[in-house]
Amino acid sequence: MQTSTSSFLRLSIIFFIALLFLITLSWRFPTKSNQFLDCSGAGSKPSLRRLHDKRLESERAKTQLTKPDPLKETPRHPLDPLTYQEILRVSSILSTYSYPGFHPSFPPIHSLSLYEPDKSFVLGWKKGHPIPRKASVIALHSGQAHELLVDLDSDCVEVHSVIHSSGYPMLTMEDILAVTRVPFTSAEFKESVTARGLSLADISCISPSPGWYGPDEEGRRIVKVQCGSSEGTANFYMRPLEGLVVTVDVDRQEIVKITDEGRGIPIPGGTGTDYRYSAQDRPVEMDPVNPISMEQPKGPSFKIEDGHTVRWANWRFHLKADQRAGIIISQATVRDSETGEPRSVLYKGYPSELFVPYMDPDDGWYYKTYMDAGEYGIGALTFSLVPLNDCPRHSYYMDGVFVSSDGKPFVQSNIICVFERYAGDISWRHSDSSVKGVEVSLSGMLMVKGTPLTNTKDVQQEDAMTGPLVSENVIGVVHDHFINYYLDMDIDDLNNSFVKVHLEKQETEPGTTPRKSYLKAKRYVAKTENDAKIKLKLYDPSEFHVVNPSRKSRLGNPTGYKVVPGGTAASLLDLQDPPQIRGAFTNNQIWVTPYNRTEQWAGGLLVYQSRGDDTLAVWSNRDRPIENKDIVLWYTLGFHHIPCQEDFPIMPTVSSSFDLKPVNFFERNPILRAAPNFDKDLPFCTLSNLP
């Protein structure tokens, strides 16, 4: 799935799990569907030869996966998202709900999603059994966030409470669009634009969140609007009106303050900033890259059951879109290759928060410390994936059914795609795991800063710059990206433990061996949350296992899975810096907490303008017991981003990942008997008239 956020965000975020499901990396060049060879003989080029029989064609037709109509879906699993019709029912129930101050209409809805049944119920549920359906609603009224539990079986509000932690719920799309129009009501704003020699008709604005910086910014929802010029380009990001910041009261739709400190800074030119393929006026100077298509003459090997359950090889898991997280995987189980027994690995996993702090202390920049999941919703602002460019052939597309502030459902079409791909490795010659990792790829717009500089030779004081010069009059501000993953691991059941397997140098006794030193792996079982706080260190290496101490292999080893970090980064901000207090989940790369259904978002339930009083770091400081418990592992993947010229006017994709790999989970290599491929298994397509 590519979860490309709307234009005010910086990134297209791409999450995928190789082999199980893939949320794809965007390919570099747009591709027309008729550029691919069609081995079925149905291609548009008469020179293609059909080299496989009609039996394969028939088998492939049988494997075509049909996406259900999102307007007519019915829940078939306890974790299925709320359907379109169910959201309408929730809205109807709320429209007649009586509560002081909630009249004449229900206040704006900022979140409406499935209230999942208790974990014990889900684990014991069998297909065909009744499915309880409840909705969790967060609404904002008079500056207070209200949480309601709506029972769809009894058509009533079952629970209503006020959330007392600091902060506000996610901004709605209506909030975002409305605040960007407010500056145009100000004569001061309009005068500043025209004084820069710009036309108001060419001005486009974005609504960066304000973060939190003390009592002066409390007591009301605010947004700090900034604008750019789209004259001659679709990419107004690269033409900022530097120093012009309009602080807007979201609820009153009025201007709180205008800061205008950049009139002397030129507006960067628009030449070369339009990133659209259709706008490119000449071909790239490189040899052409031919289209690539994966051969699947019998169709894909995975199956989608009941709209959300994915089956592939011996794996089975539930997959759905989510307005806040973007995507959620649940109940991932693997059928043991020796016994055929289904075994649990992961109860629930999803991106819990995305934290992007920019490193510039100026008035127009210090507050840019985005918390995308909790402030905007990763899923809410996705775009439809483009076949053959975002996702290859044989992909299965999944929609998201989300909710607007008035309680009405809307469909975000094709925001997840499921497909298979070559992992690039030979399966067992180097002991590849059955579960490849989670990979995150970043692409999209830089947040850039206008500057009078056009060349580095003009820089008088390099220390004063907060990033490199990436184009004339454009600084790419240094920033970080941190993605925190919630991983409720259930290895062979709920009773799990976290084990640090530490590599320790041992000195040899003189005269006993030619060696001076060697490494020894020592196991340390985390007793409490503090024992499981991990800061990764290159010269102090460990492995990190989640094990079931009650389930042993034939050799007596506890069954488990390990988290294998990839390239990552740690936050270097001061621990008392306001953005770091809110994003304190980046203080460690790994955390482990006891399972608690109220602790699901690393940045807290309410993130917008929060003071960081309800975060993963706060919960974990309780230092609760975690040995032989139902535990959740939180992993934070990070990037430091020092922009360069290649990031202008839109950055190429950058990737990093982590793996979940079995460790003593199977009795031996679980894919040793998997059959290799031979020429006869795949069709062979050629062009008869090659140049």
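**View 1. Asp362 is partly exposed, with a relative accessible area of 37%.** Here buried means under 20% relative accessible area, exposed over 50% and partly exposed in between, with a 1.4 Å probe and protein chains only. The model is predicted: local features need pLDDT of at least 70, side-chain atom pairs count only at pLDDT 80 or more, and totals for chains, interfaces and linings use all residues. Residues are numbered from 1 along each chain as its sequence is written, and side-chain values use heavy atoms, with hydrogens and water left out. Asp362 pairs with Lys449 in a salt bridge, their closest N and O atoms being 2.5 Å apart. Because Asp362 lies in the loop between S15 and strand S16 (369-371) and Lys449 in strand S20 (residues 448-450), the pair ties together parts that are 87 residues apart in sequence. Lys449 is buried, at a relative accessible area of 12%. A salt bridge is a side-chain nitrogen of Lys or Arg within 4 Å of a carboxyl oxygen of Asp or Glu. Helices (H or I, at least four residues) and strands (E, at least two) are DSSP runs, numbered from the N terminus.

**View 2. Arg582 and Glu375 meet in a salt bridge through their side chains (3.0 Å, N to O).** Arg582 belongs to helix H7 (residues 578-582) and Glu375 to helix H6 (residues 372-375), so the pair links distant parts of the chain, 207 residues apart. Both Arg582 and Glu375 are buried.

**View 3. Tyr350 and Trp601 form a tilted aromatic pair.** Their ring centres are 5.3 Å apart, with 55° between the planes. Rings of Phe, Tyr and Trp (its six-membered ring) pair if their centres lie within 6.5 Å; planes under 30 degrees apart count as stacked, over 60 as edge-to-face and the rest as tilted. Tyr350 lies in strand S15 (residues 342-357) and Trp601 in the loop between strand S28 (590-594) and helix H8 (616-620), so the pair ties together parts that are 251 residues apart in sequence. Tyr350 and Trp601 are buried. One aromatic cluster is formed by Tyr350, Tyr486, Trp601, Trp619 and Trp634.

**View 4. The charged end of Lys368 sits over the ring of Trp365.** The distance to the ring centre is 3.5 Å. A charge sits over a ring if NZ of Lys or CZ of Arg is within 6 Å of the ring centre and within 35 degrees of the ring normal. Elsewhere, Arg597 lies over the face of Tyr115, 4.2 Å from the ring centre.
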